[in-house]
Amino acid sequence: MAALSPAAAVPRRGGVARTDDAAAVVVRGLSAGYLSLIVLLPLAALLWTSTRGGIGAVWQTITIPTVLGALELTVGVSAIVVIINAVFGTLIAWVLVRDSFRGKSAVNALIDLPFALPTIVAGLTLLALYGPSSPVHVNVAYTRMGIALALLFVTLPFVTRAVQPVLIALDRDMEEAAAVLGAGSLAIFRRIVLPNLGPALLAGAGLSFARALGEFGAVTLIAGNNPLRGTQVMSLVIFGDIQGYQFSSAAALSFILLALSLAVLLVFGRLSRALSGHHDR
Amino acid sequence: MIARFSLRLVALGYLAVLLVLPVAWIVWSAFGGGVDAVWRSATAPYAVHALLLSVLIAVIAVIANTVFGVVTALMIVRHPFPGVSILNAFVDLPLGLSPVVVGLSLVLVYGATGWLGPWLTAHGITVIFSLPGMILATVFVTLPFVVREVVPVVREVGSEQEEASRTLGATAWQTFWRITLPSIRAGVIYGVVLTMARALGEFGTVIVVAGNIPGVTQTLTMYVEAEFQNFDPRGAYVASLELAVLAILTLVLMNVVRRKGVA
Amino acid sequence: MSIHAAAYREPVKGLRNTYSTDTKKLYMLTLMRQMTASHHKKNDGRPAQERTAEARNPARSEIVRYVIQATGFAVALAVAAFPSLTTARTAHSGGTLNIVTYSTPGPVYSGPLAAAFAKTKAGKHVSLSVSPGPSDSQSQAVANGQPADVVNFSYAPNIQTLVGKHLVPKSWDRNPYHGNVTDSVVAFGVRQRNPKHIKNWSDLLKKGIQVLTPNPQASGGAKWNLLAAYGAQRETRRSKKQAVGYLKKLFKHVSVQDTSASHELNTFLNGTGDVMIGYEDDIMEAQQKMPGKIKLVVPKQSLLIENPISWTLKPAAHNARLAKKFVSFLYSKRAQTIWAKAFYWPVVKSVARHHHFPRPKKLFNIRQLGGWPKLDPEFFGPNGIVTKIEQGG
């Protein structure tokens, strides 16, 4: 078809080509300018403020016992949330793709709710439902479980939406062959399906990890904000510093949180790509 | 058979506890005092102002980021340049940032003690504690969506039609308006819907940047938190209901657009 | 042919006839093949029946169109409302006053005080914009550019910060009331019928008691609470070391540290904690508004709370003259009575005489403990006693 393309048959007129290049440069400049003004400038200010006192100051801020505790809590709870998401996210994706029941499309649409519902509304309702005035008599407010619950809500769609397309596109031949040869469903899942889901699963897990680390709106009402009881996640510590107008310490902690999120995304991205390289699918 | 049924049960149960119950609770709590009470809460002056403010900021963010998004997506796919992958990475950056970190970085530039602070004060321009700051914050956090949704569509659609049309004499503008845009329409709509939803739901960043002054810089999400803390749970739930309705509308739109064939 | 085809037809129509008919035909064929190819790409893995079912159901596109129209209408509405979006208040010929306060007195300003001020000559057609929040944050916010004509903070150093930035006149406290517009006392709030029998500071350390007090990083009320606890120990002849030891033990019982005093009250009313420490006026207001949910207990020794107020200077102030009038209004008999009805202790003696509030047996004040300029950095500064406890040291 390329040989038939009219573009090959007719020489390009010089005038048009030159306007094209000029336009392209202008567009690139505008684009880069917009991006710089909106995103890069503030982040540069953040970086500069956080490292202004030198690495020593950053180290001092991060090694305050309660801050260190908040960091451990944030990473710890987020990690647990990621694991739960990996399991349940895959399960939900499986049910949505392989199963069929009335109302399935509604359930499928519902998965995106955490993307659409404001985090503060989620936090408010989770506190009302699973807090001190809970109608189902479950009170996890001001505990790590409450924080985990809030994070589970906001990260719900990531793994499911990452895994679904892979499951849909999966060729069932191998599974059917294995079944014919006598393998049980669990073995089929473990040996055939799961390895194919690996890269997508890791990508979704990485996204949900990074999101969980930085979540603020959903946890602000349900966490106890008590540095001594270990119910302060990093975003709440940073917010407290901002409220107290301690910008250098807030900036230092923000820098650490940012670096952590980026590291997580990089690592999970690498793992995901490595895994997809090893498979011939 | 049992395995399939129990899997379904576990999955649906998990979703019920985490998603369905909270949404049902919002509706239940909002209507707890009857429809009259809901109307009264919804038409309270601060509530109305908060809603309109949220919508206004969201609309501006959508327009700005759609223009940027479409232009940048076309540029990334059709006219790449050395360093385009860095641009791509930076565009995705807001997705991984905590809202308080974004808010802080904006205050560090535009606040009274920030990089541009003294210049802004000297010229009488207020960014922090007022609308421009809130718009900047919302544009920041919703930057990636249109780009991310349009890039794959542009890749999929290919550029043969544009090339052909240009060769046959249509101007760049004609080509863009009549061929390019319609072909990526679904991706743009999807990105716009995501941007709108995220903008309406923004809370952490704007609260850091704008100070939550009722009737002035209080968006609907901030209003929810304020009413909750001011012992007016009904006001908080009614506002939450408004946001939940908008969220469900978003879900419906996303679903419809996705089905109609994002490439 | 679909809409896409119609779009593609246009440029072909606008063709200059430089190319042969054959080329044009070839080109049209190519285009058509491309369009049908992209149509068939819409296989997203759903069973065939679903896809055709949807093709037969045009109602969905109708929904999308309707929603888009509705959204457009909403947008138009918002844009039309834009002019009034810089303020929720209708334009008032008398002007606007920006009032920045600590977390608890917001409703008093926006409610009875606003109404009473509107009845005065100076206050006719004036609208009040009230912004409440944690006292330290509010003070810093004004220092960093938040507009404010009148500032009413929880404790004096918050005003001093603004004096330092030339946003509040140096003479702010040179009046018979030392710049304070209301007083109160640090008290406890417990559950109805006081099931844990909490009467005094030592009861807070009983086994299993969960205490609520806000986070001193931003809340003024938190600082009053902690200094009251410290002061009570000193008043009962404990040494400084023992008093600080009490604070350490107290923190072990604190379960939630909200960002402000009013958030803290909300948390307690929602069912968390056995006892909350706070402003007596806040607790009494809650007692009245929500009977059965909280009960006031005044400890035997406690600290007098004094809330300072001042008008501001430019550039924070947008209406300095009106602000001065408003502040003097707040000392009037009418306004002080309103404060008293809201359970604040009036500072004007002629009004205070007619209102009696529960008092501790031993009431001490901040100057007897050493004064704010000494105590604030000593306890809450970067190397402060409480700061160190909060950091886990």
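What pattern does chain B follow when it is read along the sequence?

## Chain B: fold and dimensions

In this predicted model, chain B, read along its sequence, follows the pattern α-α-α-α-α-α-α-α-α-α-α-α-α-α.

The C-alpha trace of chain B spans about 70 × 65 × 35 Å along its principal axes. Chain B has 263 residues, and buried residues make up 58% of them.

## Contact between chains B and A

Where chain B meets chain A, the contact takes 68 residues from chain B and 67 residues from chain A. On the side of chain B that touches chain A, the element that gives the most is helix H1 of chain B, residues 2-30, which supplies 15 residues. By residue class, that side of chain B divides into 49 nonpolar, 14 polar and five charged residues.

## Contact between chains A and C

A further contact joins chain A to chain C, and 24 residues from chain A and 26 residues from chain C take part in it. On the side of chain A that touches chain C, the elements giving two or more residues are helix H1 (6-9), helix H4 (65-98), helix H8 (144-169) and helix H11 (234-243) of chain A. Among these helices, H4(A) provides the largest share of that side, which comes to three residues.

The residues on the side of chain A that touches chain C divide into 14 nonpolar, nine polar and one charged.

## Domains of chain A

The domain assignment of chain A gives two segments, with domain 1 covering residues 12-50 and domain 2 covering residues 54-278. Taken over C-alpha atoms, the centres of domain 1 and domain 2 of chain A are separated by 34 Å.

How many residues of domain 1 of chain A are in contact with domain 2 of chain A? Four residues of domain 1 of chain A take part, and they are in contact with seven residues of domain 2 of chain A. On the side of domain 1 of chain A that touches domain 2 of chain A, the residues divide into two nonpolar and two polar, with no charged residue.

How values were computed: Residues numbered from 1 in each chain as written. Chains lettered and ligands numbered in written order. Predicted model: local features only at pLDDT ≥ 70, side-chain atom pairs only at ≥ 80, totals over all residues. Contact = placed C-beta atoms within 7 Å. Helix = DSSP H or I, 4+ residues; strand = E, 2+ residues; numbered from the N terminus. Nonpolar A, V, L, I, M, F, W, Y, C, P; charged D, E, K, R; others polar. Buried ≥ 20, exposed ≤ 12 C-beta atoms within 10 Å, placed from the backbone. Domains from an automatic or database assignment.
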